[in-house]
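Have a look at the model first, then we'll go through it.

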Amino acid sequence: MKFPSYKNETQKLSEGFRLIAGCDEVGIAPIAGPVVAATVILDRNSVNGKRSKNKWWYRVRDSKTVNEKERNELLSFIKDHCVDFGVGIVSHETIDEINIYQASMLAMKKSVDSMKQKPDFIFLDGIHKIKNIDCDQKTVIGGDAKILSISAASIVAKVARDEILKQLHLQ
């Protein structure tokens, strides 16, 4: 199993960027429910040194490789060790109107727009940049397995979407 690192964020910090975020979405392939995206700015002071079992972020990785119980535990750690995070949700009705690609891009934009502290650089999982946001961006194929802030965003988005689906199930 591959574990992400913080080296890409560290590189951008050394280039003068201050608030480095990761962004990812979930819910593109499923046939039901919304698409949900999250953007996370990790607190650089809490992500120091190399990965080891005594680090809070030791188990943070792509949400597809994390079981539900562990995702919920990691969500708590992520919230405690981030500068800010945002979640964007686009309903199934909107997906049907604008298509899943446009809906996922809208969810990512909404996740950035919902943040109190705006990033000045965002790593995005995939190949598409977010339109109409005021910050530098870099797309990374498989970024949720490579870049720690994207992995954190993956977990935040997955937990949020799972909660929505649980509520829908109860209805």
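Before anything else, a cut-off: a residue is called buried when its relative accessible area is under 20%, and exposed when that value is over 50%. D144 comes in at 5%, so it counts as buried. Keep in mind that this is a predicted model.

**The sheet**

- Five strands make up an open sheet with mixed pairing, and their order is β3-β2-β1-β4-β5.
- The edge positions go to β3 (82-90) and β5 (136-140); each has a single partner strand, so one side of each has no neighbour in the sheet.
- Going from one strand to the next, the twist averages 20 degrees.
- Strand β4 (residues 121-125) and β5 run parallel, with 5 bridges joining them.
- L124 sits opposite T139 in β5.

**The helix across the sheet**

- Helix α5 (residues 148-170) lies across β1 (20-26), β2 (35-42), β3 and β4.
- Relative to β2, helix α5 runs at about 140 degrees.

- The structure has 11 salt bridges in total.
- In general, oppositely charged side chains can pair when their charged atoms come close.
- K64 pairs with D144, and the closest N and O atoms are 2.9 Å apart.
- Why care about that pair? K64 is in the loop between β2 and α2 (68-80), while D144 is in the loop between β5 and α5, so the bridge ties together parts that lie 80 residues apart in sequence.
- K64 also meets D62 in a salt bridge, at 3.1 Å from N to O.
- Which of these residues are buried and which exposed? K64 is exposed, at 65% relative accessibility, whereas D62 is buried at 9% and D144 is buried at 5%.

**The R61 and E70 neighbourhood**

- R61 and E70 form a salt bridge through their side chains, at 3.2 Å from N to O.
- R61 is buried, with 8% relative accessibility, and E70 is buried too, with a relative accessible area of 12%.
- Which residues belong to the salt-bridge network here? R59, R61, K69, E70 and E73 are the ones linked.

How values were computed. Residues numbered from 1 in each chain as written. Predicted model: local features only at pLDDT ≥ 70, side-chain atom pairs only at ≥ 80, totals over all residues. Heavy atoms only, no water. Pairing = 2+ DSSP bridges. Helix = DSSP H or I, 4+ residues; strand = E, 2+ residues; numbered from the N terminus. Axes fitted to C-alpha atoms, helices over the stretch in contact; angles between N-to-C directions. Contact = heavy atoms within 4.5 Å. Salt bridge = Lys/Arg side-chain N within 4 Å of Asp/Glu carboxyl O. Buried < 20%, exposed > 50% of the residue type's maximum accessible area, 1.4 Å probe, protein only.
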